[in-house]
Amino acid sequence: MKVLDLQCAHGHGFEGWFASEDEFQGQLARGLVECPLCATREVSKLPSAPRLNLSARPEKAPQPAQREEVVNLPDASLQAAWLKMVRQVMAETEDVGERFAEEARRMHYGEAEARGIRGQASPQETEALLEEGIGVLPLPIPKALKGPLQ
């Protein structure tokens with residue numbers, strides 16, 4: 001197992017685990033390697049000392065991502081602070097998924113208990129909520145954080 005230091009075109013640094021250099025190059029050529037923060041597939045390998053992990057199994061290749069909001073945080077401490085904030089928001093809010101606009105309205109009009117929620121809304125739904133005086137804001141969540149919190 002080869003652990004490579006990678007960087008996307010936006011300057012986000014991350015690790016990638018591959019069975020071999022050929023496997024990395026093959027996945028890169030097929031567009032399977034992407035930044036866990038912004039999902040860009042413009043990824044390059046950084047110079048590093050190789051590290052072998054012989055006991056781990058390679059993870060399944062990530063699925064192509066849909067376009068989403070991105071941020072460029074070139075300073076590693078800013079990236080860490082931003083990720084900490086996103087983790088806190090995720091831990092302290094309820095994921096209502098596609099029902100976000102409906103649930104936000106129910107809370108605003110007193111039909112449901114007020115609480116922190118997160119989910120998905122179209123740009124049109126977000127604009128309509130804001131026009132109704134319902135405070136919402138976009139929060140891009142890295143794919144790596146969408147699974148179980150660690």
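1. A residue counts as partly exposed when its relative accessible area lies between the limits for buried, under 20%, and exposed, over 50%. Arg105 falls in that middle class, at 26% relative accessibility. The model discussed here is predicted.

2. Overall layout. The protein chain has 4 helices and 6 strands. Along the sequence they follow the order β-β-α-β-β-α-β-α-β-α. The chain has 150 residues, and 28% of them count as buried. Take the contacts between residues at least 6 apart in sequence: 55% of these join residues at least 24 apart.

3. Strand E1 (residues 2-8) and E2 run antiparallel, joined by 6 bridges. In this pairing, Lys2 stands opposite Phe18 in E2. The two strands form a hairpin with 4 residues between them. Gly11 sits in the turn, with a positive phi of about 90 degrees.

4. Which residues of strand E2 (residues 13-18) make up the covered face? They are Phe14, Gly16 and Phe18. Gly13, Glu15 and Trp17 form the uncovered face. Phe14 and Phe18 come up again in the next point, as members of the largest nonpolar core.

5. The largest nonpolar core. This core has 17 residues. Leu6, Phe14, Phe18, Cys35, Val86 and Leu145 touch the most other members. E1, E2 and helix H2 (76-91) are the elements that give two or more residues to the core. H2 supplies the largest share, 4 residues. Setting aside residues up to four places away in sequence, Leu145 touches Leu83, Val86, Arg87 and Met90.

6. The second core. A separate core of 10 residues includes Val96, Phe100, Ala112 and Ile117. As general background, nonpolar side chains in soluble globular proteins tend to be buried together.

7. Helix H3. Its span is residues 100-108, and the buried positions are Phe100, Ala101, Glu103, Ala104 and Met107. Viewed down the axis of H3, these buried residues fall within an arc of 165 degrees, so they line one face of the helix. Just after H3, Gly110 takes a positive phi of about 75 degrees.

8. A residue to check by eye. Most residues other than glycine have a negative phi. Ala39 is not a glycine, yet has a positive phi of about 70 degrees. Where does Ala39 lie? Its place is the loop between helix H1 (21-29) and strand E3 (43-45). Ala39 counts as buried because its relative accessibility is 16%, and the cut-off for buried is under 20%.

9. Salt bridges. There are 8 in the structure. One of them joins the side chains of Glu34 and Arg41, at 3.6 Å from N to O. Glu34 is buried, with a relative accessible area of 9%. Arg41 is partly exposed, at 34%.

10. Glu103 and Arg115. These two form a salt bridge, with the closest N and O atoms 2.8 Å apart. Glu103 lies in helix H3 and Arg115 in the loop between H3 and E6, so the pair ties together parts that are 12 residues apart in sequence. Is Glu103 buried or exposed? It is buried, with a relative accessible area of 3%. Arg115 counts as partly exposed, at 28% relative accessibility.

11. Arg105 and Glu132. The closest N and O atoms of this salt bridge are 2.8 Å apart. Arg105 is in helix H3 and Glu132 in the segment after H4, so the bridge links distant parts of the chain, 27 residues apart. Both partners are partly exposed: Arg105 at 26% and Glu132 at 30%.

Notes: Residues numbered from 1 in each chain as written. Predicted model: local features only at pLDDT ≥ 70, side-chain atom pairs only at ≥ 80, totals over all residues. Heavy atoms only, no water. Buried < 20%, exposed > 50% of the residue type's maximum accessible area, 1.4 Å probe, protein only. Arc of directions from axis to C-beta. Salt bridge = Lys/Arg side-chain N within 4 Å of Asp/Glu carboxyl O. Contact = heavy atoms within 4.5 Å. Pairing = 2+ DSSP bridges. Core = buried A, V, L, I, M, F, W, Y, C linked by side-chain atoms within 4.5 Å.
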